[in-house]
Protein chains: 2
Amino acid sequence: MTKSWNRGAEQKRQRLAAARAQGLDKLVPAERAIDLLEAVLTPGDRLCVEGNNQKHADFLSACLAQVDPARVNGLHIVQSNLALPQHLDVFERGIAAKLDFCYSGEQGVRMARLINEGRIEVGAIHTYLELYSRYFVDLTPQVAFVAAQSADAEGNLYTGPNTEDTPAVVEGTAFKNGIVIAQVNEIVERVPRVDVPAGWVSFVVPSPKPHYIEPIFTRDPAQISEIQVLMAMMVIKGLYAPYEINRLNHGIGFDTAAIELILPTYAASLGLKDKICSYMTVNPCPTLIPAIEAGFVKGIHCAGSELGMERYIEERSDVFFNGPDGTMRSNRVFCQLAGHYVDLFIGSTLQIDLEGNSSTATLNRIAGFGGAPNFGSESRGRRHASPGWLKAGEESAASRMSAMPRGRKLVVQLVETFREKMQPTFVERLDAWQLQEDFDLDLPPVMIYGDDVTHIVTEEGIAHLHRCNTLAEREQAIRGVAGYTPVGLARDPLAVEALRRQGIIQRPEDLDIDPRLATRDLLAAKSIKDLVRWSGGLYDPPNRFRNW
Amino acid sequence: MTKSWNRGAEQKRQRLAAARAQGLDKLVPAERAIDLLEAVLTPGDRLCVEGNNQKHADFLSACLAQVDPARVNGLHIVQSNLALPQHLDVFERGIAAKLDFCYSGEQGVRMARLINEGRIEVGAIHTYLELYSRYFVDLTPQVAFVAAQSADAEGNLYTGPNTEDTPAVVEGTAFKNGIVIAQVNEIVERVPRVDVPAGWVSFVVPSPKPHYIEPIFTRDPAQISEIQVLMAMMVIKGLYAPYEINRLNHGIGFDTAAIELILPTYAASLGLKDKICSYMTVNPCPTLIPAIEAGFVKGIHCAGSELGMERYIEERSDVFFNGPDGTMRSNRVFCQLAGHYVDLFIGSTLQIDLEGNSSTATLNRIAGFGGAPNFGSESRGRRHASPGWLKAGEESAASRMSAMPRGRKLVVQLVETFREKMQPTFVERLDAWQLQEDFDLDLPPVMIYGDDVTHIVTEEGIAHLHRCNTLAEREQAIRGVAGYTPVGLARDPLAVEALRRQGIIQRPEDLDIDPRLATRDLLAAKSIKDLVRWSGGLYDPPNRFRNW
């Protein structure tokens, strides 16, 4: 008997034949979607479900939850984001058994329960680039669900601005004899542009309603506090200016939104226009509008889009990556990659320990991290220099231990010392340790490791962690900005003062920042309505953000 | 005056209009290519020239070298690989002035001269992922040259198996109002598959002859020495087996080819089939054929293709990433990314210093590194576990210094103690320091930093560098496998013996390997002809490799 080297191709032919035997062609009516899934899926298949940060193949997921578990069962789901109830329903019903993912968000509590009940076997919690990478190694899907705006009769797909993960999912599947099924909002005569060529797509299903999409990157300036304004001032004057940070990634939150909103006011008053924040790799957060309009931010590559920003993006083609059709093409792989090689990442977290390890994992919930661990890690494959990268490298204690000079990316954690419900951000022990135990994980789920973090910024000041020579010194630097948390109160005051004299800890006054000037007046926009005004009416916020 | 937000789009319209004014439509005859370039390029443009590891837009490059420097000058070239004389001719003629690149190979000596003459201003020498990333940040091209196998009348491109960098180059250009010009080997009625949609391409130029392509990944087994066989045995028994390395990346060279060729013999005799080397991220090196045929290697994602391997790849669709048309689609971005998240990278280098820093940069030549710094760096954004990753993490001295456990990628340098012309591989001081001085670089051009290297393997043994507690210990571990080089002779024999007792240094006998068995008889193929035989005649080596 000769070995077959093309079993995948044979299986694909069988799957396509099974669909044809059901009378299904490439264009499958919505009401036949369940039949399609029962025809092409076989037990134990690896199924990639497009669940991005924002866009979801929700109709196909809902159909999957309705297939007959006697026919389709034991699936291994690979999915970057689980956001919707049906993503977990398939595990309740036994249709799926195993899961590799990145982020679960609101489904984290239910997921934890299903894991404990033995209904979900978790392979691992990944970062985005890590999971996409495995599509090309050991987690290649046999079937993938993706979501697009429109398709033509041939099956060419137009994703609209929320291209997101689609190119990675489709390439990993279509080029290994997998079946790509696209749910589309509409079938059109001619797609505005081809994001995925028809030849890569096996089936197109017009969805009864447009795919689910969530405006998760919109922050209302009305909710930004004066403490956040103060922290933003410290970031601009204490980090962006001296390190000449001109290419960077912002995490999503009110803390970073505050930075964006004082670029046209505070940063401009410091003469920093054209010197900082020219290039960003980030989603099109509406709070960036004033900084774009003021000419601060000149180029943005986006991982995804944001609801309401579509027209604004189209009319600012010098800033965004728009196609010949005029609309944006986002791409999470390229944005994450690009963000990995810029000069600074700044983001928030829920807990930081005494080594500077941070985690957003909290008890009774399996959340995951998404993009922060990629953006927020030292880019060791980087070789090109920039002023801030060289400066941070020279300052690093690690580089004093080696004869070989090198640069270093700035990785900044921007947190208030207390978060919601007066939970301290700084802790002796991360909840991640308990999670490791409860869910039998190989390692505690750490978002960003302490030795990658160069700075922590709180309302109390900046800690330049990369300059600390020992873990003991680092601990005091962390305690020294941890305010009235138990971790902060347990500081060694002499050690903290010594660090301050060395400039490893900086208070607002050390940066010549008067906290009394840290008012909401510095915000270039104080409300969503202000953002709309800045945009000249091009930004069209979703209803939930309209209070006028 | 109102600010324009769409200047890029306006410039693109002007460029297209200038071409039309020359009577040029989308399909441009070869003899009009120079006219096209003079029409669409303006002085100072950032021009991305597709020069991959293998495939080159050579016709367009040759045309560029012939444009009128009075009309087109001062270009800023961004190009991953410079391989051909015309890539530098444009600098001699003043058509281009600035360069950002990854690798120059054979042009390295001439490039060094042009830099010294002030004809090339080098921005930086990058790694691949780093340069592609900058296409989406601050090095976005206004014009790009790419190479494809065929195009249809509309301009849809089929790259053939050498897709390589094309998707990254095109996306970075087409979605920022850039002009994409494709040279193609032929115009066809219908492309076998669409690799780049027509809407992303501005002009198609049928090239008078097929694009340049180089079989740089072929190593003739006849040239593999018994020392290389011995080293390969140590790698398999001393690293792949105990760390259960099942997903990995091999560098290109006779050293790693030796490993590939003793998988079906030596590794099989150790009972390692299905336990090691199942998934690889690597080019389709012909020396992998026996391991594939023996069922060792089950899946390979490729950065590019290799001349002569086309039919073999097509007939092994379970192993490679082939499209619905049957031919492979390679993709350097995804391959490099995937390689970043596997469990081991192993490759060679020209020089290693006492900290374990390595470089392929040698005097009077600007070479660059290509992919090794990405593959060969610790993947700090990784969160999923595997046995070898956990084991290496536990063993690392670095992790003993932290309370937080973590995993670690294995990064192995596989070198003979002396290279060509009896140059010692181990040196007190890398040539990179001299290069930094000669070419006024910000940092010495290091390929892989010592603290990312876990192991060095030479004919003398294995040094488990990650287990060393201090730089002094690491130095002795390196000296302890540096053989009769001056670095090796200067070892502290007592320290080296102590490291051996701890298992930080292992000799062949410590691994129960009898060097007398390290003969060429272990090679599953001893010649190119043997590889052809293993492939059942599917591998069709280029003439230069045929000596029968």
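**Figure 1. A salt bridge joins the side chains of Asp325(A) and Arg193(A) in this predicted model.** The N to O distance of this pair is 3.0 Å; a salt bridge is defined as a side-chain nitrogen of Lys or Arg within 4 Å of a carboxyl oxygen of Asp or Glu. Over all chains, this rule gives a count of 74 salt bridges. Because the model is predicted, local features need pLDDT of at least 70 and side-chain atom pairs count only at pLDDT 80 or more, while totals for chains, interfaces and linings use all residues. Residues are numbered from 1 along each chain as its sequence is written, chains are lettered from A and ligands numbered from 1 in the order in which they are written, and side-chain values use heavy atoms, with hydrogens and water left out.

**Figure 2. Domain 1 and domain 2 of chain A share an interface with four salt bridges.** An automatic or database domain assignment supplies the bounds, dividing chain A into domain 1 (22–213), domain 2 (215–232 + 243–342 + 513–538) and domain 3 (343–506). The C-alpha centres of domains 1 and 2 of chain A are 31 Å apart. Their contact (heavy atoms within 4.5 Å) takes 19 residues from domain 1 and 21 residues from domain 2. About 1600 Å² is buried between them, 54% of it from carbon and sulfur atoms; buried area is the accessible area (1.4 Å probe) that two parts lose on being put together, summed over both.

**Figure 3. Chain B meets chain A through 95 residues of each chain.** The area buried between the two chains is about 7900 Å², with carbon and sulfur atoms giving 58%. Twelve salt bridges are found across this interface. The side chains of Asp451(B) and Arg406(A) also form a salt bridge, at 3.1 Å from N to O.

**Figure 4. Helices α17 (residues 471–479) and α19 (residues 493–501) of chain B pack at an angle of about 90°.** Their axes, lines fitted to C-alpha atoms over the stretch in contact, with angles running from 0 to 180 degrees between N-to-C directions, lie 9 Å apart. The angle therefore makes α17(B) roughly perpendicular to α19(B) (under 35 degrees counts as roughly parallel, over 145 as roughly antiparallel, 65 to 115 as roughly perpendicular and the rest as oblique). Glu473(B), Gln476(B) and Ala477(B) of α17(B) touch Ala495(B), Val496(B) and Leu499(B) of α19(B). Helices (H or I, at least four residues) and strands (E, at least two) are DSSP runs, numbered from the N terminus.
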